[in-house]
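Reader: Please show me the sequence and the structure. I will then ask about single points in turn.

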Amino acid sequence: MNTLVKANVVAYRRRYVAVIAAITIGVAFLTATLYVGTSIKSTLGASVGQTYSKSDVVVQPNVNMQEGDGGKTFSAKQLSKPLEDSSSVSQTLALSSGMMSAELGKLGTQTVLVTGLEGDASLFGQELTEGKDPGLNEITVNKDAATRAGLKVGDQVKIASFGSTEKTFKSLTISGLRADPQDLSGAGYPALQLTSQTAKDLKLGLGVNMLLAKISSGSAADLAPELQEQYKALGLLDPTVSSPQEAVSATVAELSGGTDMLTWVLGAFAGIALVVTVIVVSNTFSVILAQRTRELALLRTLGARRGQIRRMVIGEALIVGLIGGLVGLVLALGVVWGGVAIVSSAFDLPYITFGFAVWPLVVGVIVSLLVTVLASARPAMAATRVSPLAALRPQETVTARSSRGTTRIVIGLLLVICGAVAMYFGVTGGEDTMATSFAAAFIGGLLSFIGVLMLGTLLIPWTVRQMARPFGAQVGGRLAGLNALRHPQRTAAIGTALLLGVTLVVMMMVGATTARSTLNAQLAKQYPVDLLVRGQSSGDIQGAPGADTGAGKKTLNAQDAQKVAGLNGVDNAALIKVVATTPDCVASAKAARGSAAQCFPVYGANQQILDSVMTDSVVLPKSGSIAVGANAASSSETEITVVGGDGEKHVLPVDKDASAPEGSFLVSGDTLAQLGTTELPAKALAAAGGDGIWAKADDSVSAGELVQSIVTATNTDTNSVSGALPIRQTASTIIDTLLMVVSALLAVAVVIALIGVSNTLSLSVTERTRENSLLRALGLTKRQLRRMLALEAALIAGAAAVLGIVLGSIYGLVGARSATLSMGGFVISMPWLWILVVLAIAVGAAVLASVLPARRAAKLSPVEGLAVE
Amino acid sequence: MSLDAHPQAPAATPSAVAAQNLTKTYGTGPMAVTALDDVSVAFERGRFTAIMGPSGSGKSTLMHCLATLDTPTSGALSLGGTRVDGLNDDALTTLRRDRVGFVFQAFNLVPTLTALQNILLPLELAGAKPDNAWLDELVRRLGLGDRLGHKPHELSGGQQQRVAVARALLPRPDVVFGDEPTGNLDSTSGAEVLGLLQRSAHEDGQTVIMVTHDPVAASAADRVVLLKDGRLAGEILNPQVQQVSDALAQLGAIQ
């Protein structure tokens, strides 16, 4: 039997290629995920390991102790004593560190990581590359920072305590340069080292956070109990004494909580890809075995027992799975190792290392075997049902058996209904039930999707039939439709694999775009203007109540607005006048007092101007009413009293639907005339912050750059500019990045499904060699034959993709709604272009996949084809 | 399509199919096998001809070449008065579709289509409308009654072959080729199929060429062309079963 298994795999190797490819991709994905996890850990290890690289014992006091800040304190000397007293310890070094500011040559004032060294500096992890260890009033700098700052040994560095009230920048001489720090937590900051005495003199207030020691005999474990006792006797609550290896693992474990999370999330995507792999492999096995019915029957007539047939089939599956798995492992190792090498060299980060471990390989092999055995179990069972008589039948009678499984359909329907109900609750809850709503929507979506997949044997053939209709007028089209439905289960299985991938991808796209537009609408309500420049804040008048516009403060005018409008990245900009103020502005201006807490401007402009500079979806205040911005008045107010240019008080009703920028009011239309057309008194205008420039951005320039150029153009400062743009851009970037990453991860599943579509089509064409030849003999041209097969592929892939798009859109909208229940409005936004791209990829790939089998079929002469047994 | 170009009187008309010096060689060099060796043969319109010969005599190759399913290595071939040697695959496919009918030994019908759809298939491929009176007549002759809506696997072997014959006859092609059309049938079903072919030749003036190794089937034809080792080895007009058997035995004996 073993000979037969091997012979079969070799004989049918071409048919198994796609199975191997699917398993390879699935297993490679999973294994790569695991290696990303181990590599992150090894990178963390390499990064923190440098600190301990020269020592044998690491003591972490683990208590926040400040040297010399009164109360119970520990000096570096005190903490070093137990180590020094130990007979086996030969050298000790106490490290204390903190973030400080320093003037570093060309770099100017920088935030730096300062480490105080007490003891034998040769134990410090960053090796000296030049010069010597620091003495009193000397300092060492890491090489990279020194190069960037243009500093060399003998130069001066000024250092000061960060944030101390009395900054005393003191010059220190560079005594040497060191290797760059690899610790991820301090990466990027220049690293400076000095003696603890120097640190004390400068009143840097560094706390001891670690002691390192070199020992002449024994190990860290031998010393640990005794040292721990001594440190506890000193008054430390939780000192740890460990070997460098233990310290590294402890730190890595602490830092990599998030890594495990990442591995799990990536693993979930790998899981989806593997589910698709199982479907594809199982279907391919079914098809291959159906085509080998006569061969299996022959074995049965020759005396093979059912069990032997089953074992033969599973044996073939195991060999195929093992081959696919091994190729996948090599691929995963290559990709992660290569990726790490590229990142490491491209960014010159030597501590980014590939973490090799044996267990991901073992997991990969086991999973590949499990996947194939799982996938081949059902086809193998079906194969054993072949009766020996089948071998004697003159020709294969391939008839579509319609055993769709009533139980399956009932369970599927129930799941869909339960899921739909749960999703309904998920989108109808209120703000208070948000967490449960999302959970309900998630579970509902999951249940209904499993239900839909179970109903695939009905849904997919039905969709194919509907889609084939328009092509039925032509005989080629009709045959394509009939062929696509010839084996409904085969079509359903392969369609399900594609449906799974497409649904998830479209769900993410629709969910993300809808969540974004909902978020944008919410933002627009709070911040109805992209960027808003104010001449001066109301607080600015505190120091100069008598001055017209605040001493030296800029008043914005129409020319400034012109400049802003002309900037790159600005769609439109206009000067928006303050047409009235709250009564407090007038009062504070008169009294020349500083308190203008309730002084807010009332901006006013006609609808046309406001439409051109405010966010698209914004609602403007109706004539006669006023829009209230956030923090300008209590949200319960129904009327606002303002003082216009005529000096009169006007009471305006609040328009709750309309928005105004934060800390201001907005009027438009007839209200402008109602408030009086006279200019506001300069003092009140100044108190309210002066006229503003409102700008609408076109998103071609980043928010940061745009703010900078507006500040330059209007001669104001960054505090004068506010608005929705920075938040909107940040949110968009996050959503886009997440969507891209998730789509890329899901694309793996789609690729595997497309391999399945291609392979099934190829096998079907082989199976129908005689029939295709008959059609050719009867007058079907080669081109018609190729078109017929392409259409068949397009119908199967198209039906799955269309169903996936519909389902994905529903799930995406439900998900987005349940996740944004706390926000008022729900703005549906469909990424039609991307949906079309998904459809085009699915159908295009399927049509492309039909090219080879179709060419093979068309090339065969009718005589040869008809002679095929 | 020349649906109405079939004269009722067969004798005095030009050939429906004519081959001049037809040669077919498989392979090259010392491995070359000559399946047809300089065969010149003509088939009159409205006649039912059987091609016979021992296994390996080249009778199937001759039929495939005559039917444009296979291309001869050399020689000239005309079908319904049109030269067809040298035409490209698309032209040949169209020619087959419009002017040639086929009945194979087995696997004649497209399994996904019903009997009626199978009958209409060649016309649909050509985008032509069937002659409804002729269709009704054929269906009547078939004797399938209400089974026209059934799929092939729901029909018996004999019924399937009769459907195939009807499909070949419906477009009134220049010639209908049969490749062992009774090879898989019991004698009753075989006789029914042969009866249909005979009737179409005699009543409708349809040219029929059939390859067979069965003397009983061959005796249904008006003429038997004998083949041996790729060459013509004689012919029998108005053959009887015994005559054909003897001739075949003779061909075999000379071997």
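Author: Helices (H or I, at least four residues) and strands (E, at least two) are DSSP runs, numbered from the N terminus. This is a predicted model, in which local features need pLDDT of at least 70, side-chain atom pairs count only at pLDDT 80 or more, and totals for chains, interfaces and linings use all residues. Residues are numbered from 1 along each chain as its sequence is written, and chains are lettered from A and ligands numbered from 1 in the order in which they are written.

Reader: How many helices and strands are there in chain B?

Author: The count rests on DSSP runs, as defined above. For chain B it comes to eight helices and ten strands.

Reader: What radius of gyration does chain B have?

Author: The radius is taken over C-alpha atoms, and the globule rule is 2.2 Å times the number of residues to the power 0.38. For 255 residues, a compact globule would come near 18 Å. The C-alpha trace spans about 55 × 40 × 40 Å along the principal axes of chain B. The radius of chain B agrees with the rule, at 18 Å.

Reader: What percentage of the residues in chain B is buried?

Author: A residue is buried if 20 or more other C-beta atoms lie within 10 Å of its own, exposed if 12 or fewer, and partly exposed in between; C-beta atoms are placed from the backbone. Of the 255 residues in chain B, the buried ones make up 47%.

Reader: Which helix supplies the largest share of the side of chain B that touches chain A?

Author: Two residues are in contact if their C-beta atoms, placed from the backbone, lie within 7 Å. The contact involves 22 residues from chain B and 23 residues from chain A. On the chain B side, α2 (89–99) and α3 (115–126) each supply at least two residues. The largest share, six residues, belongs to α2(B).

Reader: Is Gly798(A) buried or exposed?

Author: Gly798(A) belongs to helix α25 (residues 782–819) of chain A. Leaving aside neighbours within four places in sequence, Gly798(A) is in contact with Met467(A) and Val843(A). With 23 other C-beta atoms within 10 Å, Gly798(A) is buried.

Reader: Where in chain A is Asn631(A), and is the residue buried or exposed?

Author: Phi of Asn631(A) is near 70°, a positive value in a residue other than glycine. Asn631(A) sits in the loop between β14 (627–628) and β15 (639–644) of chain A. With 11 other C-beta atoms within 10 Å, Asn631(A) is exposed.

Reader: What is the phi of Asn238(B)?

Author: Asn238(B) lies in the loop between β10 (231–237) and α8 (241–254) of chain B. Asn238(B) is exposed, with 10 other C-beta atoms within 10 Å. Although Asn238(B) is not a glycine, phi is positive, at about 45°.
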